[in-house]
Amino acid sequence: MINLRSPWRRHRWGIRLVLWGFGGLAGLTVVGFSQLASLSLDVFFSIYQHYWWSPFLLAPLVGMVTVFLTQRYFPGSQGSGIPQVIAATQLARQNQPVTRLVSLRILIGKIFLGCFALIGGFSAGREGPSVQVASSIMAIAHRFLPHARALRKTDLILAGGAAGIAAAFNTPLAGVVFAVEELGRRLETRTSGVLISTIILSGLVSIALLGDYQYFGRLSMHEQESFSIIPSLVVCAVICGLLGALFNFLLLWPQKSPHLSIWSWRKAHPVLFAGICGLVIATLGVLVHGASFGSGYGITKSIIEGHQSVNWAVPITRFLATVFTYFSGMPGGIFAPALSVGAALGYNLSHFLGGFSSAVPIMTLCMAGFLAAVTQAPITSAIIVMEMVDGHGLLISLMAVSLMAKAVSSRFGGELYQQLGHYFYQNTLASLPQSQPVNDTPVKEEATPSSK
């Protein structure tokens, strides 16, 4: 009797070695990306501290150069990176090429142009780009599998994106949840174990190299404050939900109204438009003494640790700076800036919401609420914030504020990343050669023969 076994079972250890090897490489690459991004921010702030007027030169110049290089040599690397990964998974399910969205070329452009943009003070994060970087690495890994049909390229792209989140935030659990909630909405039972282990391995590489640190420090909260948080939670959820809906509307505006004169002009003059966005960002940053420049990680950490205070204008300028950074068309994520907006908003709201020994609990709620309202991935948002501040005591409150903020935001529009992903998907399909047929039917899974 012939014993038929699936390609997965015949090559299981070879597949695992390839996945774990590339998962470790993804974690290592994301760690290197984070260090290069930090160095870029240090360069910008060191110049800004000596010459307050330098952003008016740096931001337009860096913006124009970055967008020129993006358009000319690295198309597909602009923006966050998460929508591109979502589009790539859709294309991979239809056996369409994904190299325009996840590839070695995209990886190089995302890392170096994303870091170069930070030298100009643009409000961009590295966490979303890390998703596209890690997905590009795992897409390359598909070529090295012992049997190409043992694992779908879709699953590898999905695992890579989650590994990028795990390594970027130093939160392996959040990476697994992100894979299910935002990128894929499902994991194949047959391969979920090895894919999840790949995600965790990438996060462990980050921990091994950078230490088991909390991204924004540690949160301390008195027991009696837990009961005072419920009314504040509702207020934070509603405000963050409304602001998140406005943020999503603005980011989707160019795609939903492409024929407006401003977006037609941007399409005709992308480099000049990026320079104008740079001037706006420089003006916003100087008005608040630099609080809206960069990813927002430094100022958010300082606020949480009690080393810095912010005025009422900081959440507004950070909000607008992130929107104009996205409008400029350069590589850069919105995760860290969104958390920074939430932290600054929470700091200001804490003056009106009493019952706490510090502003940190309200800031933490607003960080999770605003991120959930923007991404409409509430479980991921709650877990990311919980792991970043070691706020396990606030987990239920973080889940509640994230779910409520997402509910408010979703009343005014759809999911940001999914809609942007559809935009990249349609554009990529339109750019494929006409001789290449487009199959809109999802690829069926290869059946696993049973041994009898």
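1. Basis of the note. This is a predicted model, in which local features need pLDDT of at least 70 and side-chain atom pairs count only at pLDDT 80 or more, while totals for chains, interfaces and linings use all residues. Residues are numbered from 1 along each chain as its sequence is written, and side-chain values use heavy atoms, with hydrogens and water left out.

2. Overall make-up. The protein holds 19 helices and 0 strands; helices (H or I, at least four residues) and strands (E, at least two) are DSSP runs, numbered from the N terminus. Of its 452 residues, 58% are buried. Buried means under 20% relative accessible area, exposed means over 50%, and partly exposed lies in between (1.4 Å probe, protein chains only). A contact requires heavy atoms within 4.5 Å. Among contacts between residues at least 6 apart in sequence, 82% join residues at least 24 apart.

3. The cores. A nonpolar core is a set of buried Ala, Val, Leu, Ile, Met, Phe, Trp, Tyr and Cys residues joined through side-chain atoms within 4.5 Å. The largest one has 80 residues, and those touching the most other members are Ile157, Cys236, Phe247, Phe335, Leu365, Phe370 and Leu398. Helix H16 (residues 360-375) contributes the most to this core, with 11 residues. A second, separate core of 25 residues includes Cys115, Met138, Leu151 and Ala168.

4. Apart from neighbours within four places in sequence, Cys236 is in contact with Leu349, Leu353, Ile362, Leu365, Cys366 and Val401. Ser397 is in helix H18 (residues 395-410) and counts as buried, at 14% relative accessibility. Not counting residues up to four places away in sequence, Ser397 touches Ile229, Leu233 and Leu365.

5. Pro231. Is Pro231 buried or exposed? At 53% relative accessibility, Pro231 counts as exposed. This proline is found in helix H10 (residues 225-256). Its C-alpha atom is 8.7 Å from that of Leu353, although Pro231 and Leu353 are 122 residues apart along the chain.

6. Aromatic pairs. Rings of Phe, Tyr and Trp (its six-membered ring) pair if their centres lie within 6.5 Å; planes under 30 degrees apart count as stacked, over 60 as edge-to-face and the rest as tilted. By this rule there are 17 aromatic pairs. The rings of Trp263 and Phe327 have centres 4.9 Å apart and planes at 65°, so this pair is edge-to-face. Trp263 belongs to helix H11 (residues 261-268) and Phe327 to helix H14 (residues 314-328), so the pair ties together parts that are 64 residues apart in sequence. Trp263 is buried at 4% relative accessibility, and Phe327 is buried at 6%. Phe327 also pairs with Tyr326 in a tilted arrangement, at 6.4 Å centre to centre and 55° between the planes. Tyr326 counts as buried, with 17% relative accessibility.

7. The aromatic cluster. Trp253, Trp263, Trp265, Phe273, Phe324, Tyr326 and Phe327 form one aromatic cluster. Arg266 lies over the face of Phe273, at 5.9 Å from the ring centre. A charge sits over a ring if NZ of Lys or CZ of Arg is within 6 Å of the ring centre and within 35 degrees of the ring normal.

8. Cavities. On a 1 Å grid over the protein atoms alone, a cavity is a set of points where a 1.4 Å probe fits but cannot get out, and a pocket is an open set with protein on both sides within 12 Å along at least five of seven lines; lining residues have an atom within 4 Å of a point. Grid points are joined across faces, edges and corners, and a volume is the space filled by probe spheres set on the points.

9. The largest pocket. The space in the largest pocket is about 1000 Å³. Its lining has 31 residues, of which Gln71, Gln78, Arg266, Tyr423 and Asn427 lie nearest the centre. Helix H19 gives the most to this lining, with 6 residues.
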